[in-house]
Amino acid sequence: MGGGGGELTPTSTPSSPSSSSEPLHPEFAEYVAVSPISDDDESCCVCDDDEVDAIRCRQLREAKEHFNRQLREAKEFHFNRQLREVKELIRRYKPGDWVEGVGGAKAGHFLLPEITTLLLVGPRGSGKSTLVNRITRVFDKDDDPFAPDRAQVSCNSTSNRTIFLHEYPIPRNSSAICIYDTCGWSNDPKKNFKMLHQWMTKGISHGETIMWDNDEGNKTGGIKPLGRQYSFLRYITRKVNFVIFVVDGVAVLESIDSNNKGYTEILHQTFMYPFLSIGDDKPVVVVTHGDRLSIQQCAHVQNELTELLNIPAQQIYAIPGSDDFQTDMAVLDMLHYCVRRAEQNLPVKLNYHLEVLGRETLNKMAEQLMGLDAVIEVAIIFLCIVILLLRFFR
Ligand SMILES: Nc1nc2c(ncn2[C@@H]2O[C@H](COP(=O)(O)OP(=O)(O)O)[C@@H](O)[C@H]2O)c(=O)[nH]1
Ligand SMILES: [Mg+2]
């Protein structure tokens, strides 16, 4: 599974992977080749009143149903297996497992984080907290199907906003991956950049408050989480390893189709902010609210976002809050993509860096000596020839 992501598809499509009309994940394309036999297709069976023909018709129909049922079960089996495998891959993951060492570098040569930290950013109401719950649910289905939601979702764009940074291990008991849910953005891009700069350069910690007073004038500066009041209870500061950029697909569509480009402009401005990139890697984009859009509208939003943010479609994942197989797969795909990219951008340890530098310097010196060696050899040969000539002419 590469970084390839979800095609934007609304969740109004049937939730079972068995439905023939359901758009399938690219990896399952091979299974599309075998399509169910339609019940409408009666061309192969010309029935008249004759009893024999009626029996044949019934047998044919039963055979069709049997075939379709088997195909459906095979697809379901394959999809579930695929889902389980990716889930297991993520559950087994430990920081450093997916490092692709270049030039002989191994996981031990990199500065591995204690826990791989993913940061959720996005406008307020874009669905960041809902996404935390959605991601958690994928794993809860196996571990604890009745576990309550973890992140507080706001009922409307102005209520119950996230005020403190919150760390969520994924899955719940994990010590390898965590996601940080953050507050929405201010209308003032400068304030956003200041806050993002601080998170991306100094790190983030659980319970940290947002920096500015919010736009409705409510002071948040006076609110202090427990960890801040008692310095000995302070939480560990985590370095951000990758960023997940959450956008509301409906708001994008409205902004595209109207003269008010405010939403898409702030998306563009913030996405292009260099500090959000890890190495050369720009954040992954998650589009929410796709369940409120048609397939055509979803495709339209995806095209617009690829152009607006200048990223390939594979870096955009459709993850609505709804509960279906496709969304589960998109969640796992997206997590896999983020962690892989995070691992590709881990900094190397200083001593390994020095080791590589030392090795390179030694190689260069050896090369120079080799060059010198050749000069000495030529000089010796020249001297030998001179001595021989002198002897010859004496
Ligand atoms: N229909 C729909 N509603 C969503 C989706 N994601 C979030 N919401 C709703 O959008 C509102 C804001 O979501 P929330 O997660 O609190 O946004 P946040 O401010 O970015 O954390 C809530 O009422 C959610 O129920 C989605 O994919 N589909
Ligand atoms: Mg929130």
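Predicted model: local features only at pLDDT ≥ 70, side-chain atom pairs only at ≥ 80, totals over all residues.

Me: What is the strand order of the open sheet?

Reply: Helices (H or I, at least four residues) and strands (E, at least two) are DSSP runs numbered from the N terminus, and two strands pair if DSSP finds at least two bridges between them. Here six strands form an open sheet in the order β2-β3-β1-β6-β7-β8, with mixed pairing. Its edge strands, each pairing on one side only, are β2 (166–169) and β8 (316–318). From one strand to the next the twist averages 25°. Within the sheet, β1 (residues 116–121) and β3 (residues 177–181) are parallel and share four bridges; Thr-117 has Cys-178 in β3 as its bridge partner.

Me: How is the packing of two helices described?

Reply: One gives the angle between the helix axes and the distance between those axes. Axes are lines fitted to C-alpha atoms, for helices over the stretch in contact, and angles run from 0 to 180 degrees between N-to-C directions. Helices α2 (residues 51–92) and α9 (residues 325–344) pack at about 30°, their axes 10 Å apart. α2 is therefore roughly parallel to α9 (angles under 35 degrees count as roughly parallel, over 145 as roughly antiparallel, 65 to 115 as roughly perpendicular and the rest as oblique). The contact of α2 with α9 comprises eight nonpolar, one polar and two charged residues, where Ala, Val, Leu, Ile, Met, Phe, Trp, Tyr, Cys and Pro count as nonpolar, Asp, Glu, Lys and Arg as charged, and the others, Gly among them, as polar.

Me: At what angle do α6 and α8 cross?

Reply: The axes of α6 and α8 (residues 295–309) cross at roughly 75° and come within 10 Å, so α6 is roughly perpendicular to α8. Residues are in contact if their C-beta atoms, placed from the backbone, lie within 7 Å; on the α6 side these are Gly-249, Val-252, Leu-253 and Ile-256, which meet residues of α8 including Gln-297 and Leu-305. Helix α6 (residues 249–257) also lies across β6 (242–248) and β7 (284–288), at about 60° to β6.

Me: Which residues come nearest to ligand 1?

Reply: A residue is near a molecule if its C-beta atom, placed from the backbone, lies within 6 Å of it. Of 19 residues around ligand 1, the nearest are Gly-127, Lys-128, Ser-129, Thr-130 and Pro-320. Helix α3 (residues 128–143) gives the largest share of this shell, three residues. By class, the shell has three nonpolar, 12 polar and four charged residues.

Me: Where do Pro-171 and His-289 lie?

Reply: Pro-171 is in the loop between β2 and β3, and a cis peptide bond with omega of about -10° joins Ile-170 to Pro-171. His-289 is in the loop between β7 and α8; its phi is near 65°, a positive value in a residue other than glycine.

How values were computed:
Residues numbered from 1 in each chain as written. Chains lettered and ligands numbered in written order. Contact = placed C-beta atoms within 7 Å.
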